[in-house]
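This report goes through one protein model, part by part. Please keep the sequence and the structure in view while reading.

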Amino acid sequence: MNPDQIRTLGAKLVIVTAICGGLYVMIADPMRSTAHDAEIKLSSFLSENNGVATTLANLPEILESHDQTLRRAAEYEERSRPARDQSVMFAQVMDIAEQAHVVVESVTPNGESASDKNNRKAEALRPGDTSVKYAISGRGSYGATASFLQQLQNNMGCCIVKNFSITPDYTKTESDGLQFAITIELIGFDASPLAISEISGEGSP
Amino acid sequence: MRKAQRQVIVEISSTRHEITVFKKGVLLGRRSSRPNARDADPDWAAGLLAFEAELSLWVTELDIEGCQTTVLYTGPDTIASVYDCPAAGGEQRAKHAAKVAMARTTLFPIEQNAHAEISLYKDTTAPEGDHTQVHTLALADTEGTIMALTKTLERAGLRPTFFVPAPGASLAAAIEQLDEITVDTTPRVVLWIGEHSSVITAGESGRVALARLVPVGTETLVEALARPVVSDQRAEPLMDRSTAYDLLFTSGIPVSDGWHHDSPSLDAQEVLPLVQPPVQRLVVELKQSIRFGLRRDVRQLVKLLVSGPGSQIPGLQETIAKEVSLEVVEQISARSATVQSVQGDTSAALALGSRMPAIMSRTRTSERVVSNTRRAIWAGAVMALAAIGTDVIASRSRIVAAQETMQQADAETTYLNSDISQTMQTALAARQGLRHAQVRERTLISGSPQYAAVLRALSAMTPETVSLTEVVFTEEGERATGTIRGWAVADDEVSETVRFREFVSAIRACPLVAETTLGETLRTREEGRQALSFIITLELVDLPAGLEMTWIDATGEPPK
């Protein structure tokens, strides 16, 4: 090849190389960088949202816990039935009296616990809770009366003995016969789901 | 008919111009002319220029315009020689050595002119104490000759691709024929009689012992026949070149026992002296080659093959064989027979086929290199652009894939977040509701005394000498208070006062009682005995449910 041919070919080579290099620098390389950035962004996003997957993996456990909560809430509902339903209350009082070997002579609704509305305990109740009082009178031995009291407090939902009195039963022949008068307060708790906004509101303990 | 399949061979020498067209080995057409030596231009280039019009006419007649053409020529400066080099050095070194050796024999600089070095044969055997050789054919010609041929053929409408110097073709063809006929240890000699030169090769199986050019060919014989003969003080030729050529190839070499020809005016006694010198030259060259090229012990065993266009001259082969006293072998391959039927150096080209030793014009080589380089640049550019395009497409695909994955992941995450958040909110609300209820229950229950426990404790603390007439407990505010009414009686040992004090002490010691306050106490009589009536006010301790049973069990006393 003569110098002219070499020069011509060299010029063409340089031009072609420049064009190709320019195209690469102007188009291919930026797109490659963009693709790289997009992949890094995607990787970062997936990494950041890995917690969702963890939560998702723990979801069965959360649902199991939720089921337990609902079961316990149902138990509360069951325990609250004497406070919400007078017939249930009466049946349970009679059952307890029979078990404790006392004779219940009267069960009288004593109205809502209006006298306690201003105290701290009343403030603990939330809308949906139920609080009713009953005056119960009857007869029985000292031990039976104590057992009756114990079962009232322990086996009849949330039952608070507001006051009681026992006096000897002078009308009977048994030496240990007593007359008792008990005022109880039955409270039905509303264990239904509570929105977080309600927690800090009225009725919070 | 497709022109690409045609093989066009143009043969150009100072004495003959010929064009031959083949297709797949079949002769399609042939044109030939013999310029009269007397009219011929002594300048080779000028003679070539004069041939141009005739060639153009032939190209048109044979319809071969644009066909690739092999040019078989004999130029004024053409160099062709075979150089031997030890095979141990390799073919490339042998070629380089041949080039260096050839450069010493040429009058023009090799590097600036057309040249080629071709390995013709590599020995597989060697005499004892000697090395195997590589036989390299070196060809060279001036750039001017090649360019003149190129321009002439291009102007005539042909596309010259190979330039084959006729001596080089003869050398290559002779060596190939030697290899073809040397099938055993018997040494063979091939005498290839070309138009302007002949080739003598000798060798044994697997070895070429010698290969040399002899400047005697058929045209030498024609020239001899057309030479002026001095008789009666006049020097006139017996015949012209064309007649001499025809006579040579029809009647052959005159022999003493009978020579048949068409011209009654010719006598063998007149013709023989004309052709005898070149024939004798061939014989002498042949004898000398055998003497110096082959070992003494094998010289008597040598067999001779006469081939090339000169082998078609009747009687020439027999004359030579008789003179050198060698047994003559016949052509063994069909192709060799075909080659023999073609006149001129074209037969050498046909014998070699695609292995023709060709040289290229340096200008054309340079143009070809430039063209190839330009093509390579464009191909490279196209490949680079394709690579860039592929890269762009790949990057674009990556971007799209990443964006789609991102959108999908974003949507899934949003959905999961929403779903999980809702589930979590529900679970949390339920849990909060339950927890709140538990807290409220604890708040309310924890402030309530366990009255059953108090009654049981009171029963346990009350001795036989103390009787309770009324027990009243009531919640007052945050605390539960109780009032116990009763009386204590004296017994035989202890007074009622002591009994009462023991009772009060027992009450005060009771962990269920936070505070004990004595109210009214009166001396009285009960059941006929001295008694002390009393009123005791108690403040109770809040006792968690269930704990009272532990305390009762600890006393070991059954409740009264």
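## The interface between the chains

Two residues are in contact when heavy atoms lie within 4.5 Å. The model discussed here is predicted. The contact between the chains involves 78 residues from chain A and 71 residues from chain B.

The size of an interface is often given as the accessible area lost when the parts come together. Between chain B and chain A, about 6,500 Å² is buried. Carbon and sulfur atoms give 69% of this area. The interface of chain B and chain A also holds four salt bridges.

Side chains of opposite charge can pair when their charged atoms come close. Which residue of chain B does D129(A) meet in a salt bridge? The partner is R440(B), and the closest N and O atoms are 2.7 Å apart.

This pair crosses between chains. On one side, D129(A) sits in the loop between α5 (120–124) and β2 (130–141) of chain A. Are D129(A) and R440(B) buried or exposed? Both D129(A) and R440(B) are buried.

## Salt bridges within chain B

Over all chains, the count of salt bridges comes to 28. One of them joins R241(B) and E223(B), with the closest N and O atoms 2.2 Å apart. The pair links distant parts of the chain, since R241(B) is in helix α6 (residues 241–250) of chain B and E223(B) is in helix α5 (residues 218–225) of chain B, 18 residues apart. R241(B) has a relative accessible area of 9%, so R241(B) counts as buried. E223(B) is partly exposed, because its relative accessibility is 41%.

Another salt bridge is formed by R523(B) and E496(B), where the closest N and O atoms are 2.4 Å apart. R523(B) lies in strand β18 of chain B and E496(B) in helix α14 (residues 496–509) of chain B, so this pair ties together parts that are 27 residues apart in sequence. R523(B) counts as exposed, because its relative accessibility is 53%. E496(B), in contrast, is buried, with a relative accessible area of 6%. Salt bridges also link E11(B), R16(B), E18(B), R30(B) and E195(B) in a network.

## A hairpin in chain B

Strand β18 (residues 513–526) of chain B and strand β19 (residues 529–540) of chain B run antiparallel and are joined by 11 bridges. Which residue of β19(B) is the bridge partner of T521(B)? The partner is F534(B).

Together, β18(B) and β19(B) form a hairpin, with two residues between the strands. In the turn, E527(B) has a positive phi of about 50°.

## A sheet and its helix

Chain B also has an open sheet of five strands, in the order β11-β10-β9-β14-β15, with mixed pairing. What are the edge strands of this sheet? They are β11 (207–214) and β15 (327–328) of chain B, and each pairs on one side only.

Strand β14 (residues 303–307) of chain B pairs with β15(B) in the parallel sense, over two bridges. In this pairing, L304(B) stands opposite V328(B) of β15(B). Helix α9 (residues 316–324) of chain B packs on the sheet and touches β9 (188–193), β14 and β15 of chain B. The direction of helix α9 of chain B makes about 155° with that of β14(B).

## One residue in a helix

Q269(B) is part of helix α7 (residues 268–293) of chain B. The relative accessible area of Q269(B) is 58%, so Q269(B) counts as exposed. Q269(B) and P254(B) are 15 residues apart along the chain, and their C-alpha atoms are separated by 8.1 Å.

## Cysteines

How many disulfides are there over all chains? The count comes to zero. C159(A) is in no disulfide, and the nearest cysteine sulfur, that of C158(A), is 7.8 Å away. A disulfide needs two cysteine sulfur atoms within 2.5 Å.

C159(A) is buried, with a relative accessible area of 3%. C20(A) is buried as well, and its relative accessible area is 10%.

Key:
Residues numbered from 1 in each chain as written. Chains lettered and ligands numbered in written order. Predicted model: local features only at pLDDT ≥ 70, side-chain atom pairs only at ≥ 80, totals over all residues. Heavy atoms only, no water. Pairing = 2+ DSSP bridges. Helix = DSSP H or I, 4+ residues; strand = E, 2+ residues; numbered from the N terminus. Axes fitted to C-alpha atoms, helices over the stretch in contact; angles between N-to-C directions. Buried < 20%, exposed > 50% of the residue type's maximum accessible area, 1.4 Å probe, protein only. Buried area = accessible area lost by both parts, 1.4 Å probe. Salt bridge = Lys/Arg side-chain N within 4 Å of Asp/Glu carboxyl O.
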